[in-house]
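Please find below a colleague's note on the side-chain contacts of the structure shown here.

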Amino acid sequence: QVMLAETGGGLVQPGGSLRLFCTASVAASGRTFNNYAVAWFRQPPGKERSFLAANRARDGHTTYYADSMEGRFTFSRDNTKNAVYLRKRKLESADTGVYYCAAEAGVITTRIRYREAYDYWGKGTQVTVSS
């Protein structure tokens, strides 16, 4: 059982920067935060939730990005704090949406970009890019 909480959203001007935080509370289950793949997804207004980036310990904490997002977002992880972060600079109006973090143990590589692979989700944090 993992509980996730995202923070860091808000109103940002175009061209500004974004830094989101996701902290996890892992119930006593023999697993630690390090055992979980953790991902960021984004849901723009009126659109589906889509994958941005994910990281898991199984392959040395390799980070996977959506094809269109690599180089635009930066994912980082701190297992000592049970936290992951997402950064982006030069925000555009298209970056508006609700940003979610998700976690799951045992996610295989071919599924890591699919929201259906994750059972644990935060409530999301709203990011609005507007002048």
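1. A salt bridge is taken here as a side-chain nitrogen of Lys or Arg within 4 Å of a carboxyl oxygen of Asp or Glu. On this criterion, Arg42, Arg72, Lys88, Glu92 and Asp95 are linked in a network of salt bridges. A search of the whole structure returns five salt bridges.

2. The model is predicted: local features need pLDDT of at least 70 and side-chain atom pairs count only at pLDDT 80 or more, whereas totals for chains, interfaces and linings use all residues. Residues are numbered from 1 along each chain as its sequence is written, and side-chain values use heavy atoms, with hydrogens and water left out.

3. Asp95 is in the loop between strand E8 (83-88) and strand E9 (97-105) and Arg42 is in strand E4, 53 residues apart; strands (E, at least two residues) are DSSP runs, numbered from the N terminus. Asp95 is buried, with a relative accessible area of 0%, and Arg42 is also buried, at 7% (buried means under 20% relative accessible area, exposed over 50%, partly exposed in between; 1.4 Å probe, protein chains only).

4. Asp95 also forms a salt bridge with Arg72, at 4.0 Å, N to O. Because Arg72 lies in the loop between strand E6 (62-65) and strand E7 (73-78) and Asp95 in the loop between E8 and E9, this pair ties together parts 23 residues apart in sequence. Arg72 is partly exposed, at 34% relative accessibility.

5. Arg115 and Glu48 form a further salt bridge, with the closest N and O atoms 4.0 Å apart. Here the loop between E9 and E10, which holds Arg115, is linked to the loop between E4 and E5, which holds Glu48, 67 residues apart. Arg115 is partly exposed at 32%, and Glu48 is exposed at 59%.

6. Turning to the rings, the search finds seven aromatic pairs (rings of Phe, Tyr and Trp, the last by its six-membered ring, with centres within 6.5 Å; planes under 30 degrees apart are stacked, over 60 edge-to-face, the rest tilted). Tyr36 and Tyr120 pair edge-to-face, at 6.4 Å centre to centre and 75° between the planes. Tyr36 lies in strand E4 (residues 36-43) and Tyr120 in strand E10 (residues 120-121), so the pair joins parts 84 residues apart in sequence.

7. Phe41 and Phe51 are both buried.

Technical notes
Helix = DSSP H or I, 4+ residues; strand = E, 2+ residues; numbered from the N terminus.
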